[in-house]
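Please have the viewer open while you read.

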Amino acid sequence: MTDVADETTARVGVTASPATSSSEASVAGRASARPVAPAPGGRRGTGSALRKRLEIAFFVAPALLLFLFFVVVPIIRAIQLSAYRWKGYGPLVDFVGFKNYVSVLQNDVFIGALQHNLIIVVASIAIQLPLGLAIALLLNRKMWGQGVLRTIIFVPYVLAEVIAGVVWLQLLQPKYGVIDTVLNAVGINGPEQGFLGTPEYALWTVIVVLTWKYLGLAVILFLAGLQSVPEELYEASQIDGASWWQTQRKITIPLLGPTIRTWAFLSMIGSLQLFDMVWILTGGGPANATTTMATFLINEGTKRQNYGIAGAASVILFVVALVLALLYQRFILRRDIQDPALRKKAKA
Amino acid sequence: MSAVTATSPTTPRTAQGPRRRTGKYTGGNPLVYALALVVVALTLGPVLYGVLGGFRTNAQLAESPAGMPDPWVFFNYAGVLSNPNFWTYAFNSTVIALLTTTLVVVFGIMAAYPLARYKFKGREQIFMVFVLGLLFPATVAIIPLFILITDLNMGNTWWGVALPQAAFALPVTVVILRPFLQALPDELEEAALLDGASRIGFFWRILLPLSGPGMVTVGVLAFVGSWNAYLLPLLLLQSDMKTLPLGVADFSSEYSSDTAGVFAFTTLAMIPALVFFLAMQKRIVNGLQGAVKG
């Protein structure tokens, strides 16, 4: 692991090497282990500023360097690629400026993909938030088999999107799949080409599968948030004569506010980068009805070798994610008072 | 699903007045159990169907898609288990997931510590770098990443996949661990410092043991994330370096008419992640519960 850190240090060219700072920090740490009580407030006195800085560098550097080298640098390279026409070999010489962006933004397939992503963002939160809350509150009651239930609800999330996708693909096979068979038995005829093969249904079918896959994460996160609600609050509200429902509404759900906001943020970012499930279920089809920005750029990059176009598409994807995240950060995560935000979200 | 959907959206809005349901926290309400049963059926249904489908023949599946195995056949599973590729893929998946998890947990807790408990200039800025990192979808960087890894001669290697995966998992790790570490009471740190421990000593002897549950949580997330990863391995790994998700996707497109075989392969491929999760689950839940009680 130190090898890796050193290697990244050398490549990125940052001056503070984690190795040196580590040894100095530990020496300093030993030297300071004196049995003298520090000043009140726990902060060290004179001469500790440098050591503190070295400690911070030692702790933060490995993560920061790994992150810079394998996340930030490639993203900068993507921006660079987006300004060239490049087929994957030879030097970058064919500079085209913003032409790739123009052709991506004029591409109906990409605009469709962007719309699909936004539909999935909204639908995921609008469907999973109420469902997840309901199931979390249900499973938070003391009931028989509670532990098993909590495990079961999380199972789909643990599966790979690819594996879940392959199973659902079989279930959703037109006519012979079990879903069409069951629907037939109750008198509903599935679409001729199957749910995934019909443009009007395909996107919503993908959303149903995604809900199945990711609801468990919401439930587990909400349950974890519920665990942190002190038992005394329940007892107090019980003594005050509150009903189960009043307790949930006035105590539990408001206290879940931060958890919900964090979850919604993660869900949004996940929806924007959706790739695996779509790639397995539909490959973006039929007739581009389920393309996402990610499937678009992988298609351009790996199948057509249009690296410049793929670069431009990935920068646009990044900008969309960034803008949405900043808006979210500004208008929802930053709220000091929990209640209004929560009420707003509950109505969404 | 309809039963659940019907109750949930109405619940946040209605019920200004008290509901009829009495304020008991003990279970026993048949409706609650019925709802739970619906949730379980919908959650497990597709998985169980796949598992059982592996015990049927393609003829059985075609004849009555919704039926049970009759008779039970084992050659689908036997076929997968005697397929050396399956074991190669499983081994690759395991190694890459372990490498990723180790990197993420070690680097993540180290970074989260000063970000949570030191006061210094630029702390929030560094934290923001990681928060913004949540927005860097791996897909944005995937093609340059592919070029970078190949240039480093790490294409088609375990490290070539594990290092970028760890890098992309770090933001969520730091974002989860920081509040976790912040929540540890200040009195603990003051007491340790009073007893003569350095901040590093505090990190090793008190913070690390106490943040075990938090580390398990982020570790499990990183492991599962790596185990399930598809896109990066798809671009980087070929032939006998492939991981299980690639193997599953290959198998299902190569033998698409062999539905029973596909079910058997997917079932066996999902077992390791499920077992791992079941083994860890108690610790995750406990960890998330009351991290600090002593």
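## A helix pair in chain B

Helix 5 (residues 84-117) of chain B and helix 11 (residues 212-228) of chain B have axes that come within 8 Å and cross at roughly 145°. Axes here are lines fitted to C-alpha atoms, for helices over the stretch in contact, with angles running from 0 to 180 degrees between N-to-C directions. Helices themselves (H or I, at least four residues) and strands (E, at least two) are DSSP runs, numbered from the N terminus.

Which residues make the contact? From helix 5 of chain B come S93(B), I96(B), A97(B), T100(B), T101(B), V104(B), V105(B), G108(B) and I109(B), and from helix 11 of chain B come M215(B), V218(B), G219(B), A222(B), F223(B), S226(B) and W227(B). Two residues are in contact if their C-beta atoms, placed from the backbone, lie within 7 Å. By class, the residues of this contact are 10 nonpolar, 6 polar and no charged. Ala, Val, Leu, Ile, Met, Phe, Trp, Tyr, Cys and Pro count as nonpolar, Asp, Glu, Lys and Arg as charged, and the others, Gly among them, as polar.

## How the model was made and read

This is a predicted model, in which local features need pLDDT of at least 70 and side-chain atom pairs count only at pLDDT 80 or more, while totals for chains, interfaces and linings use all residues. Residues are numbered from 1 along each chain as its sequence is written, and chains are lettered from A and ligands numbered from 1 in the order in which they are written.

## Chain B as a whole

Chain B has 14 helices and 0 strands. Of its 294 residues, 42% count as buried; that is, 20 or more other C-beta atoms lie within 10 Å of the residue's own, against 12 or fewer for exposed and a count in between for partly exposed, with C-beta atoms placed from the backbone. Among contacts in chain B between residues at least 6 apart in sequence, 80% join residues at least 24 apart.

Two residues are worth a click. F180(B), in helix 8 (residues 158-182) of chain B, counts as buried because it has 22 C-beta neighbours inside 10 Å. E189(B) sits in helix 9 (residues 186-194) of chain B and has 18 such neighbours inside 10 Å, so it counts as partly exposed.

## Chain A and its enclosed helix

Helix 13 (residues 293-303) of chain A is largely enclosed by the rest of the structure, because 9 of its 11 residues are buried. Those buried are M293(A), A294(A), T295(A), F296(A), L297(A), I298(A), N299(A), E300(A) and G301(A). Their cover includes helix 5 (108-140), helix 12 and helix 14 (307-333) of chain A, together with helix 7 (138-151) of chain B. Just after helix 13 of chain A, Q305(A) takes a positive phi of about 60°.

UniProt, in an unreviewed entry, places "domain: ABC transmembrane type-1" at residues 114-328 of chain A. UniProt positions follow the numbering used here, feature names are shortened, and annotations may be inferred rather than shown by experiment. Over residues 114-328 the chain is 77% helix and 0% strand, with end C-alpha atoms 18 Å apart. The unreviewed entry also lists "transmembrane region" at several stretches of chain A, including residues 56-79; that stretch is 100% helix, and its end C-alpha atoms are 31 Å apart.

## Where the chains meet

The contact takes 91 residues from chain A and 92 residues from chain B. On the side of chain A, the largest share, 17 residues, comes from helix 3 (residues 48-81) of chain A. That side has 65 nonpolar, 18 polar and 8 charged residues.

## Confidence

The model scores ipTM 0.78 and pTM 0.77. Mean pLDDT (the predictor's confidence in each residue, from 0 to 100) is 79 for chain A and 80 for chain B. In chain B, the lowest confidence is in helix 1 (residues 2-10) of chain B, at a mean of 35, and the highest in helix 5 of chain B, at 93.

Residues 1-25 of chain B stay under 50. Where pLDDT is low, the predicted coordinates should not be read in detail.
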